[in-house]
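Please read the points below with the sequence and the model at hand.

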Amino acid sequence: MQFDQILQYTLSGLSTGAIYALIGIGFSIIYNATGIINFAQGEFVMLGGLLTMSCLTVLKLPLWAAIPCAIAVSTLVGILFERLAIRPLRQPTPINLVIITIGGSILLRGLAMLVWGKDTHSVPPFSGDAPIAIGGATILPQHLWILAITLIIIFINKIYFYHTISGKAMRACSYNRRAAGLVGIDVKRMVLFSFIISSAMGAVAGIIVAPLTMTAYDVGVMLGLKGFCAAIIGGMSSGLSTVIGGLILGVLESLGAGLISSGYKDAIAFIILLLILFFRPQGLFGKADSERV
Amino acid sequence: MLEVSGITQIFGGVTALDNVSFSIAKGNITGVIGPNGAGKTTLFNIITGIYSQTAGTVTLEGKNVSGFPPERLARLAMVRTFQNIELFGGMTVLENVMVGMHTRSSSGLLACALKMPWTISEERRIRDGAMKWLEFTGIVDLADHLAGSLPFGKGRLLEIARALAVEPRIVLMDEPAAGLNSQETLGLAQLIKRIRDLGITVVLVEHDMELVMDICDRIVVLNLGRKLAEGTPREIQESPEVISAYLGDDD
């Protein structure tokens with residue numbers, strides 16, 4: 001009985017954790033390319049979910065068309081955000097940029113509230129909702145979708161950053177922006193790329209989680225903070241450590257909520273965040289000077 | 001090839017460069033020398049787009065490039081190296097050079113996302129090209145090491161290899177021999193000559209007089225922000241103004 005429960009909590013924790021990991025990687029990619037913590041990251045998660053919902057209900061698109069459409073629109077918002085809010089700054093200081101992303105996040109949330117209202121909306125699961133039994137626990141097909149899509153995205157990410165010249169150029173920017181400019185890398189374009197990748201990944205996270213948790217104009221706040229927490233645990237790496245960070249966070253949160261009290265669910269994430277920041281600010285796995293891409 | 005005319009740079013009340021003009025012929029190795037504080041590095045920073053000058057113009061192959069940012073200059077085939085080497089520490093030696101070939105790569109983000117097999121074959125082509133530059137600079141055996149773990153002298157060679165991978169027509173080197181031992185400096189002199197033999201114009205700021213006199217075709221001497229002299233190494237060595245600037249006047 002007890003074991004089954006723990007298995008159940010762990011499994012559902014893993015799938016929420018995968019979502020946190022995707023959002024966290026979005027944070028890391030932008031941070032590594034620009035040094036900015038993009039607090040608007042969560043809003044792209046919200047946009048992904050709500051836009052999918054609209055594509056399905058208003059445009060009557062089938063799910064397979066609604067999802068790319070929602071990702072494309074969210075990415076477009078990401079591009080506009082970089083163009084209109086980040087790039088025009090001539091001498092950006094980190095604090096300016098952080099405040100701008102917070103402002104952008106409030107703006108996006110406000111606009112979303114005007115468009116979609118304050119109600120919670122649902123998105124249908126990708127392939128039914130017949131539970132699947134694993135050991136003594138049950139999971140939904142959507143959980144499997146989440147895990148599979150997260151894995152695929154992380155794999156593509158890895159290929160992009162390590163095996164394409166454009167990805168290498170982006171890593172180069174994160175190691176030494178000055179030298180990157182000197183070898184002819186257009187650092188500003190790389191910043192734009194980083195916003196494109198992160199907003200698309202955020203949107204994907206929002207889309208795959210929406211069938212499980214429902215979605216609303218303000219889901220981005222909490223999901224964004226949890227993703228940030230995953231990125232911090234992973235030492236702002238856009239690779240495996242942030243994935244593990246997200247999974248640890250998801251599982252601990254789920255176990256804590258199940259075994260102690262669901263009221264503490266969010267508190268657990270933030271206690272972990274604080275502990276990491278106090279004791280291992282370089283991330284759980286990082287050496288003092290960790291590899292960050 | 002490269003022409004600077006009337007370059008003046010004022011920092012606050014200090015005139016770091018005062019109306020400096022000279023031109024660099026294609027295929028030459030030109031040394032810029034001068035006592036400390038003469039404005040050599042400032043001049044380099046202006047030419048390579050890191051500072052923007054108070055007055056004057058920089059012309060590269062007939063095109064006015066004053067105020068162009070470094071990445072645009074790199075695309076116009078002008079690159080530089082730094083006195084304190086600037087590498088991508090967390091990437092391997094090979095990857096550092098591959099990134100240098102980035103401007104010659106045609107695949108953008110979308111191409112990478114949509115046409116994976118094609119970009120991977122391009123990656124292979126770039127990898128082979130990068131290996132050639134590592135062979136040229138003699139560090140091919142270190143290809144898989146992390147750039148951050150290289151000893152200083154090898155790091156300098158890597159920086160040069162990366163600069164060459166941009167396929168420049170002109171390379172500016174800021175004190176390439178700084179921090180090298182005499183053995184490494186000899187190797188560097190040979191390397192710089194081989195770079196010129198590829199048809200690449202080289203400009204260097206350097207304190208090591210032996211190196212400068214050995215390899216440079218022409219020398220520009222700066223002192224206190226002004227051009228003091230310009231000529232072949234022999235002319236410079238015999239110039240009374242230069243001797244007095246370096247050694248002080250007799251009177």
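**Notes on the model**

1. Among contacts in chain B between residues at least 6 apart in sequence, 67% join residues at least 24 apart. Two residues are in contact if their C-beta atoms, placed from the backbone, lie within 7 Å. The model is predicted, so local features need pLDDT of at least 70 and side-chain atom pairs count only at pLDDT 80 or more, while totals for chains, interfaces and linings use all residues. Residues are numbered from 1 along each chain as its sequence is written, and chains are lettered from A and ligands numbered from 1 in the order in which they are written.

2. Chain B contains 10 helices and 10 strands; these are DSSP runs numbered from the N terminus, helices being H or I of at least four residues and strands E of at least two. Its radius of gyration, taken over C-alpha atoms, is 19 Å, close to the 18 Å from the globule rule for 251 residues, so chain B is as compact as a globular protein of that length. That rule is 2.2 Å times the number of residues to the power 0.38. The C-alpha trace of chain B spans about 70 × 40 × 30 Å along its principal axes.

3. Of the 251 residues of chain B, 45% are buried, that is, with 20 or more other C-beta atoms within 10 Å of their own, the C-beta atoms being placed from the backbone. In chain A, helix 6 (residues 165-175) is mostly covered, with 11 of its 11 residues buried. Among them are Lys168(A), Met170(A), Arg171(A) and Tyr175(A).

4. Where do the chains meet? On the chain B side, 31 residues are in contact with 23 residues of chain A. Helix 2 (70-75), strand 6 (78-81), helix 3 (93-100), helix 4 (109-114) and helix 5 (116-137) of chain B each supply at least two residues of that side. Helix 5 of chain B gives the most, with five residues.

5. Helix 9 (residues 219-233) and helix 10 (residues 240-259) of chain A pack at about 125°, with axes 7 Å apart. The axes are lines fitted to C-alpha atoms over the stretch in contact, and angles run from 0 to 180 degrees between N-to-C directions. The two helices of chain A are therefore oblique to each other, the class left once angles under 35 degrees (roughly parallel), over 145 (roughly antiparallel) and 65 to 115 (roughly perpendicular) are set aside. Residues of helix 9 including Cys229(A) and Ile233(A) meet residues of helix 10 including Gly245(A) and Leu249(A).

Key: Buried ≥ 20, exposed ≤ 12 C-beta atoms within 10 Å, placed from the backbone.
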